[in-house]
Amino acid sequence: MTFERREILLIVGVFCVMIGLMAFLAPIFAVAIAVVTYFGIKSFVKWRKKQIRKALGESICASCGSKIVENKCPICDTTKV
Ligand SMILES: [Zn+2]
């Protein structure tokens, strides 16, 4: 699992929301909402990536994920069926 800068931003954002929620809710609820939000966004991003990949399926190699150039993968060099 790679730890991207976007992920750090997400954690910081969720943490700020959690602190904000603590002003209105009991800390346990704020933490619970923050955790649910974090995993919700994580799974949403994963789903989005999958959808984008599916949409670009015509131009991306199924085995290595690189761009198809002239119906051929520059890495695998196999003709796309
Ligand atoms: Zn390939």
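The paragraphs below lead through the structure from its overall makeup to a few individual residues. The model is a predicted one, in which local features need pLDDT of at least 70 and side-chain atom pairs count only at pLDDT 80 or more, while totals for chains, interfaces and linings use all residues. Residues are numbered from 1 along each chain as its sequence is written.

The secondary structure of the protein consists of two helices and zero strands, where helices (H or I, at least four residues) and strands (E, at least two) are DSSP runs numbered from the N terminus. Of the protein's 81 residues, 2% count as buried, a residue being buried if 20 or more other C-beta atoms lie within 10 Å of its own, exposed if 12 or fewer, and partly exposed in between, with C-beta atoms placed from the backbone. Among contacts with a separation of 6 or more, 9% join residues 24 or more positions apart, a contact requiring that the two C-beta atoms, placed from the backbone, lie within 7 Å.

Helix 1 covers residues 5–22, and its 18 residues should span 26 Å at 1.5 Å a residue, which agrees with the 26 Å between its end C-alpha atoms; the expected span is 1.5 Å times one less than the number of residues. Because the number of buried residues among these 18 is one, helix 1 lies largely in the open. Met 22 belongs to this helix and counts as partly exposed, since it has 15 C-beta neighbours inside 10 Å. Leaving aside neighbours within four places in sequence, Met 22 is in contact with Pro 27 and Ala 30.

Helix 2 comprises residues 27–55 and includes Val 31, which is partly exposed, with 14 other C-beta atoms within 10 Å. The C-alpha atom of Val 31 is separated by 9.5 Å from that of Val 17, 14 residues away along the chain. Ile 28, also placed in helix 2, is exposed because 9 other C-beta atoms lie within 10 Å, and its C-alpha atom is 9.9 Å from that of Met 18, 10 residues apart in sequence.
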